Structure formats: structure tokens, C-alpha cells
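I opened my notebook with a simple plan: look at the overall fold, then the sheet, then the core. Come along and check each entry against the picture.

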Amino acid sequence: MARLNRIQHEYVDFIPARLEGGRLYISMKYRTATHLCCCGCGMEVVTPLNPAKWHLSDHGATVSLHPSIGNWSFPCRSHYWITSGKVLWASAMSEGQIRRVRAGDHRAVEVEAQRESRVDQPREETTQSASWVTRFIEWLRRLL
Ligand SMILES: [Zn+2]
């Protein structure tokens, strides 16, 4: 199964019965978009377009869908963003993240997933808090 890195969109009245991979079918009439899971597993992903579900942004040549698409009910458990026609993959979700999504806390998981995908950035925060902890321990030692 090959993961896709791009997806093309197509406006349709009715979502076709047979979907082609790498294609996002958008029906404004039925306020829904459908595509085959970008991991290549062949599962059909239906993303209703309404304020409680997904928001579609049309950039002309490409589209974006927000929030991310988490197929945790599928065996593949794919999680990705469709941004400007690109498929951006999140790391596999932990059980805890899946539980929070199922509990409706989509936002928290988005933030976590984005934080995970930025692990290559300098870890200044960690260093600072570590030195703060060290100073605090030193201070405690002086008290004892
Ligand atoms: Zn899949």
C-alpha cells in the first residue's frame, strides 16, 4: 500500500459509486466530500462539510480540508491533513489520543499531533524547565 502525498479534487453533483484513489470528490449539493483513504487501503472516507464536521477551503487549483482526517475506525488508523492538495501525514495515534477523539476532544489531538510532527525543532523549552527544576532542587536542598 503506497501512501499518497497529493490529492486532486473534483466537484461533482453525486459522489460516484466507484472512486478513484488520489481524488477528492466534492458535492456542494449534498455538502459532503469523499475520497479513498490516502494510505491506499481502499477504505472510503466520507467527510461531511458542515460547521460541526469539516471545512473546505478552495484555493483555485487546490483545496484544503480542516480539521485533519483521522481514520481510527479503519484497520490502517491513518491520520493526515489535506492541505492545498497535499496529504500531510501525522504520526500514528496513541490509544490515549484515539480515546480523546472518541470523547469529542478533536482539538486537543490536533495540537498534540502537530507538536509531535515538530520534534526536529530545538528543544529550548525542555532545557529551560530542566534548569528551573535543577535550581528549585538546589533551593530545596539549602532549606533542608
Ligand atoms: Zn487507510
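These are my entries, in the order I looked things up.

**Ground rules.** I am reading a predicted model, where local features need pLDDT of at least 70, side-chain atom pairs count only at pLDDT 80 or more, and totals for chains, interfaces and linings use all residues. I number residues from 1 along each chain as its sequence is written.

**Confidence.** I looked up pLDDT, the predictor's confidence in each residue, from 0 to 100. The chain averages 83, and 78% of the residues score at least 70. Over residues 119–128 the pLDDT is below 50, and beyond near neighbours in sequence this stretch has 0 contacts in the model. I count a contact when the C-beta atoms of two residues, placed from the backbone, lie within 7 Å. Where pLDDT is low, the predicted coordinates should not be read in detail.

**Overall fold.** I found 3 helices and 8 strands. Both are DSSP runs numbered from the N terminus: helices are H or I with at least four residues, strands are E with at least two. Along the sequence, the pattern is β-β-β-β-β-β-β-β-α-α-α.

**The sheet.** I traced an open, antiparallel sheet of 4 strands in the order β5-β6-β7-β8. β5 (55–58) and β8 (86–89) are the edge strands with a single partner each, so one side of each has no neighbour in the sheet. Strands count as paired if DSSP finds at least two bridges between them. β5 pairs with β6 (residues 63–70) over 4 antiparallel bridges, and S57 stands opposite S64 in β6.

**The hairpin.** How many residues lie between β7 and β8 in their hairpin? I found 2, and S84 in the turn has a positive phi of about 45°.

Of the 144 residues, 17% count as buried, meaning 20 or more other C-beta atoms lie within 10 Å of a residue's own. I then looked for a nonpolar core, a set of buried Ala, Val, Leu, Ile, Met, Phe, Trp, Tyr and Cys residues joined through C-beta atoms within 7 Å. The largest has 16 residues, and those with the most contacts inside it include L65, Y80, I82 and V87. β2 (23–27), β3 (32–36), β6 and β7 (79–83) each give two or more residues to this core.

**One last look.** Not counting residues up to four places away in sequence, Y80 touches C38, S68, I69, V87, L88, W89 and A90.

Terms used: Buried ≥ 20, exposed ≤ 12 C-beta atoms within 10 Å, placed from the backbone.
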